[in-house]
Amino acid sequence: MVKRSAIILFLLFSGSLWAQRPALTRADTLRGSITPERTWWNLTYYHLQVRLHPGDSTLSGSTAVHYQITSPWQIMQIDLQPPLQVLKVEQEGQELPFRQEGNAYFITLKKEQKAGQREVLTVYYSGKPRVARKPPWDGGLTWGRDSTGKHFIATSCQGLGASAWWPCKDHMYDEPDSMLISVTAPDNLMDVSNGRLRKVTSNPDGTRTFDWFVANPINNYGVNMNVANYVHWNETYAGEKGPLSLDFYVLPQHEAAARKQFKQVPQMLKAFEHWFGPYPFYEDGYKLVEVPYLGMEHQSSVTYGNGFRNGYLGKDLSGTGWGLKWDFIIVHESGHEWFANNITYQDIADMWVHESFTSYSESLFVEYHYGKKAAAQYTIGCRTLIRNDRPIIGPYGVNQSGSGDMYSKGHNMLHTIRQIVDNDAQWRQILRGLNKTFYHQTVTGSQIEAYLSQQSGRNLQKVFDQYLRDTRIPALEYRLEKNQLQYRWADCVPEFNMPVKVKLDQSKSYQLLQPKTEWQSLKVNNLVELRADPDFYIMVRKID
Ligand SMILES: [Zn+2]
């Protein structure tokens, strides 16, 4: 998901994904936790069939849920949000009883569910889906029109959940291994969804059905449909794993501008394959699809609405000028193919796994094309967006994310850790290793923390506790008495022990210091002021 710019944040903060929500409810637990009615079956495949009725903004269709039983149980939870309604549930031609509780449906299976067996059930549904208020942050269906008056329809649903527009197992820990998405729309429009287009069927009722197949695991909120009067062109990129297909879908009136702007896609792929390893979905290809909202990281169907100009809606969020050299949405949303679609959080409380790395990927893109210094300037410039309002990690098990600081502060945390590692080749291998070790997996934030500690050869636990679980910026406090420097960490978690680079002699380069929370001292020569390397996201404070 794209971060909100400070102005937009300030204006719209009240209703967003990051706003502090009222007291938690049972609905939050049913949505956010791995309930007994979810645990016993492992999702293997979805076939989603959905028919759009733009005339009255309704949908109808079904989800065939293929699963393998891991332990015997007879009640399954499937999620679908009102005003959409489940009409019927079937297994092997038999209708199954179900009970609704808010967004959750509890289906009683008739057939004995034996461990190890593979089964299918189909959920039929229809109704008027929630209309997106501020897509993609406050999602649902966008029933738009393009400048020629033609329908311009799209879905976006991170946080809110995929169950806002189709019945599914709406928790992030379990993904299907592959999926077929069949969208039926009026025949003057085209649907673009995830993966590869397998078939287009013209139906006798003046509609067409588009079958899109995804050959890789896909997270719920990444599944999308985009329906409009699209024009299309494609290219092939010579990637790390061989030829990669690039497909572009935009409105005809924007084709010329798009062909120019989307030339940045190979530049993005070059930089990200360098830093993170091969694009994670060669089988499904890479796509950019124009939509009536800013943009979103839908897997192998990245959506775009940045107006075919550089920056974030033409602005540089870092204030350094580097952010105007490239298109924010192409770079940020594509970075999510690695961190969000390849490596996916199990609980939205750990959304930093998506946004901190992807916000940081912007800086790595700058570094690849404009150099290390430019990238550091960009990263430091983004500190103006940090609010330190709440911890970055949210509460677990209730579908609630933490602070919007998961973007710029998480980004600066990773940049700071790089300084601690102090070896660029090793750092690059760590980033590539993440995408290999957790390839196509759902993870917990703790797994990522442990991996970074293990691969860097340093216990970074206190660093993560400080930046992800606390809102204070660690302060390096110091005192100077004659040629004696006293220093310690303050405004920090207990036993905070992050190493930091400082200048102990103005004429020399930075040296690594290992402060603790107790005062330590060091002999120095004529030091007037202690300066820390600005690449560390910390405060320095002189105590008289
Ligand atoms: Zn994002």
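Two strands count as paired if DSSP finds at least two bridges between them. With that in hand, hello everyone, and let's look at this predicted model.

I'll start with strand S1, residues 41-53, and strand S11, residues 178-186. Seven would be a word, but I'll give the figure: 7 bridges join S1 to S11, and the two run parallel. Pro-186 stands opposite Thr-207 in S14.

Staying with S14, let's turn to rings. The structure holds 33 aromatic pairs. One of them is Trp-212 with Tyr-249: the ring centres are 6.3 Å apart and the planes sit at 75 degrees, which makes the pair edge-to-face because that angle is over 60. Trp-212 belongs to strand S14 and Tyr-249 to strand S17, residues 242-250, so the pair ties together parts that are 37 residues apart in sequence. Trp-212 is buried, at 1% relative accessible area, and Tyr-249 is buried too, at 5%.

Another pair is Phe-276 with Phe-339, with centres 5.0 Å apart and planes at 85 degrees, so this one is also edge-to-face. Phe-276 sits in helix H5, while Phe-339 is in the loop between helix H6 (328-335) and strand S21 (343-345), 63 residues away. Phe-276 is buried with a relative accessible area of 2%, and Phe-339 counts as buried at 1%. Both are members of one aromatic cluster, which also includes Phe-272, Trp-338, Trp-352 and Phe-464.

That brings us to H5 itself. How do the axes of H5, residues 264-276, and H7, residues 352-370, cross? They come within 9 Å and cross at roughly 105 degrees, so H5 is roughly perpendicular to H7. On the H5 side, the contact residues include Met-268, Phe-272, Trp-275 and Phe-276; on the H7 side, Leu-364, Phe-365 and Tyr-368 are among them. By type, the contact divides into 8 nonpolar, 4 polar and 2 charged residues.

S25, residues 500-503, is joined to S26 by 3 bridges, and Val-500 has Leu-513 of S26 as its bridge partner.

Thanks, everyone!

Definitions and conventions:
Residues numbered from 1 in each chain as written. Predicted model: local features only at pLDDT ≥ 70, side-chain atom pairs only at ≥ 80, totals over all residues. Heavy atoms only, no water. Helix = DSSP H or I, 4+ residues; strand = E, 2+ residues; numbered from the N terminus. Axes fitted to C-alpha atoms, helices over the stretch in contact; angles between N-to-C directions. Parallel < 35°, antiparallel > 145°, perpendicular 65-115°, else oblique. Contact = heavy atoms within 4.5 Å. Nonpolar A, V, L, I, M, F, W, Y, C, P; charged D, E, K, R; others polar. Buried < 20%, exposed > 50% of the residue type's maximum accessible area, 1.4 Å probe, protein only. Phe/Tyr/Trp six-rings, centres within 6.5 Å; stacked < 30°, edge-to-face > 60°.
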